[in-house]
Amino acid sequence: SIGLQRENIRWGDAYHASNVLSGRNPAVPMLSLQLTPCRWFQLDYFHAWLVSNVMDSTSFYLEDTTKEGVLAKNYRPYNKFMAANMFTFTPLKQLSFSFGNSIIYAENTIQAAYLIPIAFYKSLDHLLTKGIASQNQNSQAFASLSVRPVDHLHLYGSFYLDEFKLSRLKPSNPEYNPISYLVGFNWLGWPVKGLSLKAEFMRSYIACYTHSIDVLTYASNSFNMGHYMGYNAQSIYAELGYRPIRGMLLKLSYTNDVKYNSYAYLRAYRGPDGVIRDGGISQTIAEKPFDHAIYRNDALRFDGVYEVHPNMYLTLSMEYNNAQGFDNQKTNALLSEDVGDAQHYLDTFCPLFYQGKNFTTSLAFSFGF
């Protein structure tokens, strides 16, 4: 199938929130391709038009604002595009694994090379930007695994690779690879039919999803396209579900989200003497991840969904949450993306309505297909 559409993109195995493409950012227009030539293989590809929210000082409209002919400049944002592919293999009914890669690029027009659906975009990027003094475009790689080893059990995981060097795996190397990983399981239908237990754990390291060039971040409309907690963050999710009768689902879930110190992704280096220079230890990714929390939210939620008529749903939700901000106790003047107190971080990561301790109840009726 081939489509020209506007969609929320979700890639990566997850029940709560994927760390590859979460689908939680505003929908984007895209050219998509899905190819299933045989039972055990599927190719997914898209080329999307993203919203950069970064103003281009060389591109503007002129507007006549007064009778005297005074012209005002209305600046336009930079163009921003994304190309991505995913190869999914299902050799067995109980086993499925996927891998793919993507690239975020900012050019005046679409780059035809990124319209190749089966390409390795990092290689194309180095070819097209060879000799340019500035950094390359922003490329990523990812993989996903889904296994059902026994009846009633589903194991899954997703791995997002923003940048990777084998040398960083050595204990003597203080740098960390900016990656994200997610693992989880779903136990369903035993010992009680209709009962399920899910759990997910996610971690994203410093500089994951970001870039030193603002227009090339892994985001659209300023919303991160990976896990909603972003980089240097951890998320735990657990859910107990039960279907007592057909058309009814009851869920009790717990979510623990923690955001750690935030850093700007600067490509500065420091030597063993601490002097900033070319070469040496990367200033950003040598910072210790998950060191000090600046924001935490714990939420306990109940959801009840009942299909009162085909495609007509009545939903009751009740949630208790506790959102807290913490003072930044580790300030690096060169790297700190923002320096603030507990309220500053609480305002940054949480809407005012959900700050502190809250009990929220909602009742909804929906009709859909």
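A: The chain carries 30 positive and 30 negative side chains, and the centres of the two sets lie 7 Å apart. Lys and Arg count as positive, Asp and Glu as negative, while His and the chain ends are not counted. Each charge is placed at NZ of Lys, CZ of Arg, CG of Asp or CD of Glu.

This is a predicted model: local features need pLDDT of at least 70, side-chain atom pairs count only at pLDDT 80 or more, and totals for chains, interfaces and linings use all residues. Residues are numbered from 1 along each chain as its sequence is written, and side-chain values use heavy atoms, leaving out hydrogens and water.

Now the fold. The chain has two helices and 20 strands (DSSP runs: H or I of at least four residues for helices, E of at least two for strands, numbered from the N terminus). Of its 369 residues, 41% are buried, meaning under 20% relative accessible area with a 1.4 Å probe, protein chains only.

Zoom in on the largest nonpolar core. It has 20 residues, and Trp11, Leu21, Phe46, Met82 and Tyr218 touch the most other members. Such a core is a set of buried Ala, Val, Leu, Ile, Met, Phe, Trp, Tyr and Cys residues joined through side-chain atoms within 4.5 Å. Strands S4 (28–38), S5 (41–64) and S6 (71–92) each supply at least two of its residues.

Take Met82. Leaving aside residues up to four places away in sequence, Met82 touches residues including Leu21, Phe46, Tyr105, Tyr218 and Met225. Here a contact means heavy atoms within 4.5 Å.

Conventions:
Buried means under 20% relative accessible area, exposed over 50%, partly exposed in between (1.4 Å probe, protein chains only).
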